[in-house]
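Please keep the sequence and the structure in view while reading.

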Amino acid sequence: MTGATTSPGRLIVAGETRPKLPPYLKLRHDAGRGRWVLLAPERVLTPDQTAVAVLQLCDGKRTVEEIAAKLAEEYSAPVDVITADVLDLLQGLADKGYVKA
Amino acid sequence: MTEEFKSNGHCETVSVDDEPTAGVVGSKDMTAELCALAPIGMLAELTHRCPLQCGYCSNPIELERVNNELTTEEWCSVMRQAGEMGILQVHLSGGEPTARKDLEDIVSAATEAGLYSNLITAAVTLKRDRLEDLVKRGLDHVQISFQDVDAENAERIGAYPGATQKKLDVARWVVEMGLPLTVNAPIHRQNIHNVGRYIDLALKLGAQRLEIAHVQYYGWAFLNRAALIPTYEQTIQSIDLVENARERLKGVLTIDMVVPDYYAKRPKPCMGGWGKGFMNITPAGKVLPCHAAESIPELHFDNVRDRTLLDIWMNSDAFNAFRGTDWMKEPCRSCAFKEIDFGGCRCQAMAMTADPRNTDPACALSPYHGEMVALAKTEAAKPATAFVYRNPRNAADAMKTEQEPLVPAE
């Protein structure tokens, strides 16, 4: 995350952000290759298990804090580590236009 | 092609045209993890009919006739086979894909096959109710070409009066219907001054993505190169402008850029490697490793009417001709970059050196490189020639003239 640019319209993901996937992103299981893919215009994203777990919780209702808390509990991991990781992941995706709020 | 690859430790991104797959080597074992070897993207050129006549069209000079086009059922079968073999995205292109009256059925078949569908259209003949129907059938994304930002110049380039307003209307509908919109900007010397205004246009339309696609010199564009090729300085300026805008518009607009390679030092990894991640179906059902591959006369292309898509991908002579690195000559064969750029583009090697096994002359190591750069600079310095518009009459004329290959420097 660079954080340097704050163009109008750029989503800055924070703890209280309620992230969601825009309708044109399709999270699908790619059975042939045994992985998950996010399909976007002219792009295929291959999220790992952690990313898939995060993205499946991005429903536009839960906040980032709530998502991190839920994952911290599920994976018995420190919540601050998870939060930092989730913020980093979602900001990266938001900067590509793949996460909205 | 984009250089974008990695976003974050948890999520890799690749552009559809050049994902390196597991590296098919022409295995005869059809049972071995076939899907893992399939391409990610497929370009379906549904027809070569088009209301526009752009002189840089990516279709071959020899345009396919309507009565040779695949039937509805044949296209639907192609979509089903594509989904089954593990292809993820299909680009419905042409010509103008909406010239097919059965586009609706083809989109439905793509949706049923689980394919992410992209409609690549000139948008001048697309009506609102038809677009609505396509969206209902599961169309995922629409890409609209704009020949220039200035209407008059755009309509001269495409030879279609009134095109701009129609395109703007369709772009608005796409956004209203909640679909992602890509603005496609084919860039050349006659509109390169407007790259910045293309970015403004894409923002104004609410596009999700902008494609600054410098014209690539194959087929029609090769024929019209002296009318199209920008100077080195113009090219660099346009690249700088896009790179600045990318940073400024992060998270707002995705800008993909295809750069011209005549001024490059290293060749592009064309199609991410021959037969590695991409296939193209012509209107008549021929399956090509790239849309310009028919310009290589020694190749024979199999047809979906005769063989399955998977069989063609895995075993056809055309796909295996330049797969991997065994076919390479020097200087590619001993080059440290041979697995990175795969020797560049076979079609460009063919067009400029008359041998598709030669190093792409865009590479500084090619003995033809100096001549190629000199040619580009000379043409760009002269006034633009008149367009040879893309239409069947000009196609017939163009096929009568032989192209002269370059002569390498000593």
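The model is predicted. Chain B holds an open sheet of nine strands with mixed pairing, in the order β9-β8-β7-β6-β5-β4-β3-β10-β11. The edges are taken by β9 (254–258) and β11 (287–288) of chain B; each has a single partner strand, so one side of each has no neighbour in the sheet.

Although β9(B) is an edge strand, four of its five residues are buried, and the strand is mostly covered. Strand β8 (residues 209–214) of chain B runs parallel to β9(B), and five bridges join the two. Within β9(B), Met257(B) stands opposite Ile212(B).

Further along the sheet, strand β4 (residues 89–93) of chain B and strand β5 (residues 116–121) of chain B are also parallel, with four bridges between them. His91(B) has Asn118(B) in β5(B) as its bridge partner.

**Helices of chain B**

In helix α5 (residues 151–158) of chain B, the buried residues are Ala154(B), Ile157(B) and Gly158(B). They lie on the same side of α5(B), because the arc that they cover around the axis is only 85 degrees. As a general point, an α-helix has 3.6 residues a turn, so residues three or four places apart point the same way. The buried residues of α5(B) pack against α6 (163–176) of chain B.

Helix α7 (residues 195–205) of chain B and helix α10 (residues 232–248) of chain B form another pair: their axes come within 9 Å and cross at roughly 30 degrees. Angles under 35 degrees count as roughly parallel, and α7(B) and α10(B) are therefore roughly parallel to each other. The contact of α7(B) with α10(B) has five nonpolar, two polar and no charged residues. On the α7(B) side these are Val195(B), Gly196(B) and Ile199(B), which meet Ser238(B), Leu241(B), Val242(B) and Ala245(B) in α10(B).

**Two buried residues**

Val170(B) is found in helix α6 of chain B. Val170(B) counts as buried because 23 C-beta neighbours lie inside 10 Å. Leaving out residues up to four places away in sequence, Val170(B) touches Ala123(B), Leu126(B), Leu131(B) and Ile144(B).

Lys286(B) is in the loop between β10 (278–281) and β11 of chain B. Is Lys286(B) buried or exposed? With 22 C-beta neighbours inside 10 Å, Lys286(B) counts as buried. Leaving out residues up to four places away in sequence, Lys286(B) touches Phe301(B) and Asn303(B).

**Backbone features**

Most residues other than glycine have a negative phi, and most peptide bonds are trans. The table lists exceptions found in this model.

| Residue or bond | Feature | Value |
|---|---|---|
| Ser76(A) | positive phi | near 45 degrees |
| Ala159(B) | positive phi | near 55 degrees |
| Gly94(B) and Gly95(B) | cis peptide bond | omega about 5 degrees |
| Glu330(B) to Pro331(B) | cis peptide bond | omega near 5 degrees |

Ser76(A) lies in the loop between α2 (64–75) and α3 (79–94) of chain A; with 6 other C-beta atoms within 10 Å, Ser76(A) is exposed. Ala159(B) is partly exposed, with 17 other C-beta atoms within 10 Å. Gly95(B) is in the loop between β4 and α3 (103–112) of chain B, and Pro331(B) is in the loop between α12 (317–321) and α13 (338–341) of chain B.

Key: Residues are numbered from 1 along each chain as its sequence is written. Chains are lettered from A and ligands numbered from 1 in the order in which they are written. This is a predicted model: local features need pLDDT of at least 70, side-chain atom pairs count only at pLDDT 80 or more; totals for chains, interfaces and linings use all residues. A residue is buried if 20 or more other C-beta atoms lie within 10 Å of its own, exposed if 12 or fewer, and partly exposed in between; C-beta atoms are placed from the backbone. The arc is that of the directions from the helix axis to the C-beta atoms. Two residues are in contact if their C-beta atoms, placed from the backbone, lie within 7 Å. Two strands pair if DSSP finds at least two bridges between them. Axes are lines fitted to C-alpha atoms, for helices over the stretch in contact, and angles run from 0 to 180 degrees between N-to-C directions. Angles under 35 degrees count as roughly parallel, over 145 as roughly antiparallel, 65 to 115 as roughly perpendicular and the rest as oblique. Ala, Val, Leu, Ile, Met, Phe, Trp, Tyr, Cys and Pro count as nonpolar, Asp, Glu, Lys and Arg as charged, and the others, Gly among them, as polar.
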